[in-house]
Amino acid sequence: MLRKYLDKIKPNFMPGGKLQAFRSVFDGFETFLYTPKSTSTSGVHVHDAIDSKRVMIIVVLALIPCLLFGMYNAGYQNALCSGAEMTHWEMFLYGFLAILPKLVVTYVVGLGIEFIVAQKRGEEIQEGFLVTGILVPLICPITTPLWMLAVATAFSVIFVKEVFGGTGYNIFNVALVTRAFLFFAYPAKMSGDSAFIPNEPICGLGGTVTYADGVSGATPLGQISTGAQQITDAIGDPVSTWDAFLGLIPGSFGETSTLCILIGAALLLLTGIASWRIMLSVFAGGLVMGFIANTFPSELYPASMLSPVDQLVYGGFAFAAVFMATDPVTAARTATGKYIYGFLVGVIAILIRVYNTGYPEGAMLAVLLMNAFAPLIDYCVVQTNISRRLRRLRDKA
């Protein structure tokens, strides 16, 4: 019935129709619901069964474990701080109602801008923001005000994506630039020393639970950067590596659970969506730099209290390795380049984290920095291959 209805109104959006000005909007909704029926009319074309829309949907599915766990962890951290007796479902509902407005704001602002730009250019609406829209709330603190999220999203979509030509042309990861914008424009809301735990009533739960009020919920990395000798949770109990792996610690909404991140990584690798070379080399680079930091700790950052494995499960390192560094648009394209690119992301992330006390988390800046160098890495790899083959030909001659 839906298909028949779309076919009925479609002529209104075609050239000459009374709603032709909104053709790209209609096309966006139609192709979101159904696979396009248009086919090639000339020449020989081989099409992959996986198009950009399906790629984006698979990435969104891979993010669902992080999203669901983030909902639970937000409620768990609130119950931990306030001492409230909350059931698991109440914790989950708390987090759901906390993240829902942020998802709505991000998608409305980002997709709204993309719809307007596509309409102005007379182009099809791209699917890239399907992933960006869910990534942005996951990598930001749950306490980020909605208006800040809207401003940062608008800035990133316009100046990082659309001015370069839209999906597939941006040189920096849009979601990470959104967070970087928030960090540098509103550092008090984004620094590692800020409370990452909701401390005000969430609409819909008003008289049913007790809310944490005035509790410091600094992240583990934020604690270390300020000289703490032991990582503790919001009520002062020690935090273990296992707690960090599961994700029951303060942090950005979707970045705390390494377990859920690895579940998403498995889906991306099994479907061939993400590059295993980049993932593997990011973790390898992090381990190498973590070992160096553990062996040569600085006075301001007692890195000896974190093992190389701990460096991988705290903060946003694992999330960046799986979902950010593997972005096919902004990462290196050549096989060798992917190893170099990923390894440097891992090294720089831990390097910033350990030796820059003003910024306790380095994954975001590491990925953005390597986004800028990815084309150079590919160029060097290609030129090296060309030079090697030319030498081989000269030797044979």
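Close-up 1. In general, a disulfide is a covalent bond between the sulfur atoms of two cysteines. C66 takes part in no disulfide, and its nearest cysteine sulfur, that of C260, lies 5.7 Å away. C66 is buried, with a relative accessible area of 1%, and C260 is also buried, at 10%. Here, buried means under 20% relative accessible area, exposed means over 50%, and partly exposed is in between (1.4 Å probe, protein chains only).

**Close-up 2. A321 in helix α14.** Look for A321 in helix α14, which spans residues 317-324. Helices are DSSP runs (H or I, at least four residues), numbered from the N terminus. A321 is buried, at 0% relative accessibility. A321 and G286 are 35 residues apart in sequence, and their C-alpha atoms are 9.7 Å apart in space.

**Close-up 3. A patch of positive charge.** On the surface, R388, R389, R391, R392, R394 and K396 gather in a positively charged patch. Such a patch joins like charges within 9 Å, using residues with over 30% relative accessible area and no salt bridge (a side-chain nitrogen of Lys or Arg within 4 Å of a carboxyl oxygen of Asp or Glu). One of its members, R392, belongs to helix α16, residues 363-396. R392 is partly exposed, with a relative accessible area of 44%.

**Notes.** Residues are numbered from 1 along each chain as its sequence is written, and side-chain values use heavy atoms, leaving out hydrogens and water. In this predicted model, local features need pLDDT of at least 70, side-chain atom pairs count only at pLDDT 80 or more, and totals for chains, interfaces and linings use all residues.

Methods. Patch = residues over 30% accessible without salt bridge, like charges linked within 9 Å, V, L, I, M, F, W, Y side chains within 5 Å. Areas by Shrake-Rupley, 256 points an atom, 1.4 Å probe, with all protein chains shown as cover. Lys, Arg positive; Asp, Glu negative; His and termini not counted. Charge placed at Lys NZ, Arg CZ, Asp CG, Glu CD. Helix = DSSP H or I, 4+ residues; strand = E, 2+ residues; numbered from the N terminus. Disulfide = S-S within 2.5 Å.
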